[in-house]
Structures are given as C-alpha cells and as structure tokens.
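Trainee: I would like to learn how to read features off a model. Can we work through them one at a time?

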Amino acid sequence: MDTAPLRGAYDRLLDVAAGPDLGEAADGGWNADQVLAHLLSVDASIAAVALGVVAGSRPTFDNRICLDPWNLNRIIAEHADRADLIDHVRDQATVLCDIADRLSEEAASVLVPSLLVSHDELVLDQPVPLAGLIDGLAQDHVPRHTQQLLGLRMATGTVPPTGLPGTPVHPGL
C-alpha cells in the first residue's frame with residue numbers, strides 16, 4: 001500500500017495539534033486531547049485488524065470503543081500532557097503506516113466486517129477491504145479531525161495557518 005497520503009495527513013494534523021491556541025469546542029464537542037485520544041484508539045484498532053489479517057485470522061473493526069468517553073479519558077490520563085499525546089499519535093501513526101506498507105495485495109484486499117457509528121447513528125455496517133479502512137483514514141478521517149482542530153483554533157479567535165475556516169466535525173468518523 002502507498003501510505004504517503006496517510007503520512008501527509010498525519011503531518012498536517014500534528015502540526016495543527018501542536019498549536020498553543022486550541023480552545024474548547026463551542027458546540028460542546030471534543031477538545032484537542034479527546035480528538036488525539038480518539039485517533040490513538042482508531043489507529044491501534046486498525047493496526048490490530050491489519051496484523052490479524054496477516055496472521056490469518058478474520059478480525060472485525062468496530063469504532064464504538066474509539067468513541068467511548070471513558071476510554072478517551074483513560075487514554076488522556078495515561079499521558080503527561082498534550083505534547084505527550086501528540087508524540088504518541090505520531091508514533092502510533094508510524095506503526096500503522098509501517099504495517100500498511102508491508103501488506104500484500106491479497107492482505108490489503110481482505111474484506112473486514114466493519115461497524116462505524118457517529119453521533120449514535122450507524123454510518124456503516126458491512127465488510128470493507130482492509131486497504132479501504134486504511135485509505136479512509138487518509139482520505140476522510142484524519143483530514144476531518146484536522147479541520148476539527150482548526151475549528152478549535154477558530155474558537156480562540158486565531159486564524160488557521162491555511163487561512164481556511166475550521167469545519168465543525170462531530171465526534172467519531
């Protein structure tokens with residue numbers, strides 16, 4: 001798999017996350033630490049699915065634990081501060097990309113039963129190729145959360161470095 005787009009998406013997200021001016025979500029949504037904890041959970045889950053496929057098992061992907069407030073708070077509590085969270089997201093994204101880089105075409109095409117929920121609504125309940133789960137991170141998930149972080153910057157009155165307005169993003173995928 002070509003993970004250059006995913007690596008690029010994470011570089012952009014981590015640059016935004018490192019900004020000192022990220023406030024609270026005006027709509028009561030996730031703050032920056034919760035977004036980062038969510039990303040850690042999603043990346044670890046998809047890496048586990050990929051390793052399971054390589055091992056010959058038939059894993060599933062279910063994002064509900066990645067949205068669970070208790071789980072997000074647990075992840076946040078395990079880190080000293082946002083910089084520590086950012087470092088862990090960077091490391092976890094690297095692990096996921098390194099696994100994806102080594103997937104054979106056969107492994108990447110394995111259909112993974114997937115359940116995706118967002119705002120307590122079912123978004124997807126069907127098999128997705130493993131490559132689709134990983135590519136979805138680069139094409140949609142990580143850029144969406146980058147925009148969510150930019151929205152937190154907007155909440156403090158700071159203009160995002162791109163000059164683009166932050167797009168509100170709901171918790172989840």
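Trainee: Is arginine 144 buried or exposed, or in between?

Mentor: Start with the scale. Buried means under 20% relative accessible area, exposed means over 50%, and partly exposed lies in between, with a 1.4 Å probe and protein chains only. Arginine 144 has a relative accessible area of 34%, so it is partly exposed. Aspartate 140 has 34% as well and is therefore partly exposed. Two notes on the source. This is a predicted model, where local features need pLDDT of at least 70 and side-chain atom pairs count only at pLDDT 80 or more, while totals for chains, interfaces and linings use all residues. Residues are numbered from 1 along each chain as its sequence is written, and side-chain values use heavy atoms, with hydrogens and water left out.

Trainee: What do the side chains of aspartate 140 and arginine 144 form?

Mentor: The general idea comes first. Side chains of opposite charge can pair when their charged atoms come close. The criterion for a salt bridge is a side-chain nitrogen of Lys or Arg within 4 Å of a carboxyl oxygen of Asp or Glu. Aspartate 140 and arginine 144 meet it, at 2.9 Å from N to O. Both sit in helix H7 (residues 130–155), 4 residues apart, about one turn of the helix. Helices here are DSSP runs of H or I with at least four residues, strands are runs of E with at least two, and both are numbered from the N terminus.

Trainee: How many salt bridges does the whole structure have?

Mentor: The search finds 8. One of them links arginine 90 to aspartate 87, with the closest N and O atoms 3.3 Å apart. These two are 3 residues apart in helix H5 (residues 82–101), so about one helical turn separates them. Arginine 90 is partly exposed at 37%, and aspartate 87 is partly exposed at 41%. Another salt bridge joins aspartate 62 and arginine 64, with closest N and O atoms 2.4 Å apart. Aspartate 62 has 27% relative accessibility and counts as partly exposed. Arginine 64 has 47% and also counts as partly exposed.

Trainee: What span should helix H1 have?

Mentor: The rule is 1.5 Å times one less than the number of residues. H1 (residues 4–17) has 14 residues and should span 20 Å; its end C-alpha atoms are 20 Å apart, which agrees. Now look at burial. Leu6, Ala9, Tyr10, Leu13, Leu14, Val16 and Ala17 of H1 are buried. They cover an arc of only 155 degrees around the axis, so they lie on the same side of H1. The arc is taken from the directions from the helix axis to the C-beta atoms.

Trainee: How many of the 24 residues of H2 are buried?

Mentor: The count is 18, so H2 is largely enclosed by the rest of the structure. H2 covers residues 32–55 and reaches 34 Å from first C-alpha to last, close to the 34 Å expected. At the start, a side-chain oxygen of asparagine 31 comes to within 3.0 Å of the backbone nitrogen of aspartate 33. After H2 comes glycine 56, with a positive phi near 95 degrees.

Trainee: In which sense do strands S2 and S3 pair?

Mentor: Pairing requires at least two bridges found by DSSP. S2 (residues 111–118) and S3 (residues 121–129) pair in the antiparallel sense over 8 bridges. Valine 112 has valine 128 as its bridge partner in S3. The hairpin has 2 residues between the strands, and histidine 119 takes a positive phi near 55 degrees.

Trainee: Which residues is glutamine 126 in contact with, leaving aside neighbours within four places in sequence?

Mentor: Contact means heavy atoms within 4.5 Å. Glutamine 126 touches Val112, Pro113 and Ser114 on that basis. Glutamine 126 lies in strand S3 and counts as partly exposed at 45% relative accessibility. Its C-alpha is 8.1 Å from that of valine 112, 14 residues apart along the chain.

Trainee: What are the elements of the protein chain, in order from the N terminus?

Mentor: The order is α-α-β-α-α-α-α-β-β-α. That comprises 7 helices and 3 strands. Of the 173 residues, 47% count as buried.

Key:
Polar contact = N/O pair within 3.5 Å; in protein donor to acceptor, adjacent residues only side chain to side chain.
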